[in-house]
Amino acid sequence: MLVGTLLGLLIGVALGLTGAGGGIFAVPALVFGLGMDIRSAAPVALFAVGSTTGLGAVQGLRQGVVRL
């Protein structure tokens, strides 16, 4: 559990600093760090990165930073 939390924090920081690339870090972290197989790690990473970007987009829209 601690390893997963630390990997999640590191991926979150990388995603927050760069604005992209979370999936590139998330899949190997899940496979090598938590021992998941690639078929399980890919959808988990997709959900994590997608929900993070969705939340950021909603916050940006509320603040008026993002325009459609």
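Start at Ala41. Beyond its neighbours within four places in sequence, Ala41 is in contact (heavy atoms within 4.5 Å) with Val27, Leu30, Val31 and Met36. Ala41 is also listed among the buried residues of α3, together with Ala45, Val49 and Gly60. Buried here means under 20% relative accessible area, exposed means over 50%, and partly exposed lies in between, with a 1.4 Å probe and protein chains only.

A word on the source. This is a predicted model, in which local features need pLDDT of at least 70 and side-chain atom pairs count only at pLDDT 80 or more, while totals for chains, interfaces and linings use all residues. Residues are numbered from 1 along each chain as its sequence is written, and side-chain values use heavy atoms, with hydrogens and water left out.

Now the overall layout. The chain has three helices and zero strands. From the N terminus, the elements read α-α-α. Helices are DSSP runs of H or I with at least four residues, strands are runs of E with at least two, and numbering goes from the N terminus. The C-alpha trace spans about 40 × 20 × 20 Å along its principal axes. Of the contacts with a separation of 6 or more, 25% join residues 24 or more positions apart.

Ala41 and Ala45 belong to the largest nonpolar core, whose seven residues also include Ile11, Ala26, Val27, Ala29 and Leu30. α2 (22-34) and α3 each supply at least two residues of this core. The largest share, four residues, comes from α2. Such a core is a set of buried Ala, Val, Leu, Ile, Met, Phe, Trp, Tyr and Cys residues joined through side-chain atoms within 4.5 Å.

Follow α3 along its length. This helix has 26 residues and reaches 37 Å from first to last C-alpha, close to the expected 38 Å. The expected span is 1.5 Å times one less than the number of residues. After α3 comes Gly64, with a positive phi near 80°.

Val66 lies in the segment after α3 (38-63). Val66 counts as partly exposed because its relative accessibility is 36%. Leu61, Val65, Val66 and Leu68 form a nonpolar surface patch, with about 450 Å² of accessible area together. Patch members have over 30% relative accessible area and no salt bridge; nonpolar side chains (Val, Leu, Ile, Met, Phe, Trp, Tyr) are joined within 5 Å, like charges within 9 Å. A salt bridge puts a Lys or Arg side-chain nitrogen within 4 Å of an Asp or Glu carboxyl oxygen.

Finally, the chain totals. Buried residues make up 18% of the 68 residues. The accessible surface (Shrake-Rupley, 1.4 Å probe) is about 5100 Å², and 72% of this belongs to carbon and sulfur atoms.
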